[in-house]
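User: Please take a close look at the charged side chains in this model and how they pair. Then place them in the wider fold.

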Amino acid sequence: MRKMSTDELRELEVINLCGGEKLGYPCEFEIDIDDARILSFTVPKNNGFSLFGKKDELMIPWCKIECIGEDAILVKIPQNELSNCECFCKTGRKGRFFK
């Protein structure tokens with residue numbers, strides 16, 4: 001069994017296999033404390049715009065991860081889901097997962 005800390009995960013770049021774009025680096029993790037598992041992680045969006053100090057983030061469900069390697073986290077998110085901010089972005093603390 002391989003083990004990795006959240007600090008180590010934060011250093012891995014997230015890359016979408018559907019299109020090859022670099023999404024950024026994980027900054028926050030949502031954990032189910034009853035089952036002791038990670039549900040999702042967030043990646044800050046690189047749009048440079050922040051409304052009232054809250055930055056937009058991509059919320060990536062753990063089930064979208066294809067592979068965690070030594071240098072990157074590979075996710076598989078179709079372009080139509082990635083560009084649909086209503087079901088993929090979160091602002092502040094509240095967000096929505098894929099429909």
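Analyst: Glutamate 81 has a relative accessibility of 24%, so it counts as partly exposed. The model is a predicted one. The side chain of glutamate 81 meets that of lysine 64 in a salt bridge, with 3.6 Å from N to O. The two partners sit in separate parts of the chain: lysine 64 is in the loop between strand E6 (54–61) and strand E7 (65–68), while glutamate 81 belongs to helix H2 (residues 79–82), so the pair ties together parts that are 17 residues apart in sequence. Burial is another point about this pair. Lysine 64 has a relative accessible area of 18% and is buried, because the cut-off for buried is under 20%.

How many salt bridges does a search of the whole structure find? The search finds 3. The pair of lysine 64 and glutamate 81 is one of them.

Next comes a pair inside a helix. Aspartate 7 and arginine 10 join their side chains in a salt bridge, at 3.3 Å from N to O. Both residues are in helix H1 (residues 6–10). They are 3 residues apart, about one turn of the helix. Aspartate 7 is exposed, because its relative accessible area of 51% falls over the 50% cut-off. Arginine 10, at 33% relative accessibility, counts as partly exposed.

Arginine 37 lies in strand E4. With a relative accessible area of 45%, arginine 37 is partly exposed. Beyond its neighbours within four places in sequence, arginine 37 is in contact with Glu30, Ile31 and Asp32. From arginine 37 to tryptophan 62 there are 25 residues in sequence and 9.5 Å in space, C-alpha to C-alpha.

Most residues other than glycine have a negative phi. Alanine 36 sits in the loop between strand E3 (28–32) and strand E4 (37–44). It is exposed, with a relative accessible area of 68%.

Now a charge without a partner. Glutamate 13 is buried, yet it has no salt bridge. Which side chain of opposite charge is nearest to glutamate 13? It is lysine 22, 4.3 Å away. Glutamate 13 lies in strand E1 (residues 13–16). Setting aside residues up to four places away, glutamate 13 touches Lys22, Gly24, Tyr25, Asp71, Ala72 and Ile73.

Isoleucine 38 and tryptophan 62 are 24 residues apart in sequence, with C-alpha atoms 6.8 Å apart. Ile38, Leu9 and Trp62 are among the residues that line the largest pocket. The lining also includes Arg2, Lys3, Met4, Ser5, Thr6 and Ile68. By class, that lining has 5 nonpolar, 2 polar and 2 charged residues. About 170 Å³ of space lies in the pocket.

Last, the wider fold. The protein has 3 helices and 10 strands. From the N terminus on, the order is α-β-β-β-β-β-β-β-β-α-α-β-β. Of its 99 residues, 31% count as buried. Glutamate 13 and lysine 64 are charged residues that are buried. Among contacts between residues at least 6 apart in sequence, 44% join residues at least 24 apart.

Terms used:
Residues numbered from 1 in each chain as written. Predicted model: local features only at pLDDT ≥ 70, side-chain atom pairs only at ≥ 80, totals over all residues. Heavy atoms only, no water. Helix = DSSP H or I, 4+ residues; strand = E, 2+ residues; numbered from the N terminus. Buried < 20%, exposed > 50% of the residue type's maximum accessible area, 1.4 Å probe, protein only. Lys, Arg positive; Asp, Glu negative; His and termini not counted. Salt bridge = Lys/Arg side-chain N within 4 Å of Asp/Glu carboxyl O. Contact = heavy atoms within 4.5 Å. 1 Å grid on protein atoms, 1.4 Å probe; cavity = no way out; pocket = protein on both sides within 12 Å on 5 of 7 lines; lining within 4 Å. Points joined across faces, edges and corners; volume = space filled by probe spheres on them. Nonpolar A, V, L, I, M, F, W, Y, C, P; charged D, E, K, R; others polar.
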